[in-house]
Amino acid sequence: MPSPSGVRQVTEFQDPGYTIVGNHLTQHRSLSGLAIGLAAHIQSLPEGAPADIRTLAKRFPEGRGRIAAALRELEAYGYLERVRQRTDDGRMITVTLSYNNPSATRARRARESAEQAKRRTAAEPPRPSPAPAPAPVRQPPPPSPAAQPSSAPQPQPQSPPPPEPRTRAHHTPASALLANLRRDDPRLLLSVRDIQRLTPPVAAWLERGVSPEAVRSALTTGLPPTLRHPAALLAHRLTDLLPPPLPPTPPAAPARVHPSPLQTCDGCDRAFRAPTPGRCRDCRHPATERGAA
């Protein structure tokens, strides 16, 4: 059985030589203490270090079952991702991806995808438009002798209506989010004028489907050691990291039968398909497998 490959770090706002663990992880309301501790430990590992269940069970006193459950918690909230990949020699290995800030990574990838799509559109040569057919020349009919010039003013073409203003439904939660940033970092104490100036950009994030927790994480994660102009830094991040609008929801596809998801065995760390996590067939029936061999 091929052994899992080492962990690969996907970091945001991380200086080399340090492990910065965000409050979105250490103060997570849904993760267990074991899951938070394992996430911090895995983020501190060097690139390529083993991070499978067997190695973590040797490092920590918790058993394989509890460690496997904690890793599934981290996968559910986006801090870990275990994928199967084929090597150059044809072997299948398990690759563990560790994300120190999942929401920032999703926002960055969405922004990069939008920029790539914009560059591809700009690189495409313009399609030549067909030449319009010449219109037939029509001579105006001669004026009728009875026709008299009208003194009524000719109607002027109407100008298009001005665009509708942006909805203010998200302004109140946006201003509350900005006022509460000082609870995450005392240096983010903003004045009333700064909050009024930054409220529309935050409302734009909320209107594009970004949760308040994700907006707060994007604004407070990876702050520099010296912060002289917090309002200017927040304005820069709100403009530079603005995610694209969500695409329209496609129509629901007809129901299809999908195979069971891939699970990681709690005993041997092998990938197998099953509706729920647990152990693979070889670990559940070792004697039957040896007798059949």
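Modeller: Helix H9 gives the lining of the largest pocket its largest share, which comes to five residues. The model is a predicted one, and every value that follows is computed from it. H9 spans 212-220, and together with helix H1 (23-26), helix H6 (171-179) and helix H7 (181-184) it belongs to the helices that each supply at least two residues of that lining. The space in the largest pocket comes to about 760 Å³, and of the 28 residues that line this pocket, those closest to its centre are Asn23, His24, Asp184, Glu213 and Thr220. Sorted by class, the lining of the largest pocket holds 10 nonpolar, 10 polar and eight charged residues.

H9 also takes part in the second largest pocket, where H9 and helix H5 (102-123) each supply at least two residues of the lining. There the largest share, seven residues, comes from H5. About 350 Å³ of space lies in the second largest pocket, which is lined by 21 residues, and the closest of these to its centre are Ser103, Arg106, Ala107, Val210 and Pro243. By class, the lining of the second largest pocket has 14 nonpolar, two polar and five charged residues.

From H9 we can turn to the loop that lies between H9 and H10, where Thr221 is found. Because its relative accessible area is 11%, under the 20% cut-off, Thr221 counts as buried. Thr221 and Asn101 are 120 residues apart in sequence, yet their C-alpha atoms are 8.4 Å apart in space.

Helix H8 itself runs over residues 192-207, has 16 residues and reaches 22 Å from its first C-alpha to its last, close to the 22 Å expected at 1.5 Å a residue. After H8 comes Gly209, with a positive phi near 90°.

A positive phi also occurs elsewhere in the model, at a residue that is not a glycine: Asp269 has a phi of about 65°. Most residues other than glycine have a negative phi. Asp269 lies in the loop between S4 and S5, and because its relative accessible area is 11%, Asp269 is buried. The loop between strand S4 (262-264) and strand S5 (271-273) also holds Asp266, which counts as buried because its relative accessibility is 12%. Once its neighbours within four places in sequence are left aside, Asp266 is in contact with Ile53, Arg64, Ala68, Arg72, Gly278 and Arg279.

Methods: Residues numbered from 1 in each chain as written. Predicted model: local features only at pLDDT ≥ 70, side-chain atom pairs only at ≥ 80, totals over all residues. Heavy atoms only, no water. Helix = DSSP H or I, 4+ residues; strand = E, 2+ residues; numbered from the N terminus. Buried < 20%, exposed > 50% of the residue type's maximum accessible area, 1.4 Å probe, protein only. Contact = heavy atoms within 4.5 Å. 1 Å grid on protein atoms, 1.4 Å probe; cavity = no way out; pocket = protein on both sides within 12 Å on 5 of 7 lines; lining within 4 Å. Points joined across faces, edges and corners; volume = space filled by probe spheres on them. Nonpolar A, V, L, I, M, F, W, Y, C, P; charged D, E, K, R; others polar. Expected span 1.5 Å × (residues − 1).
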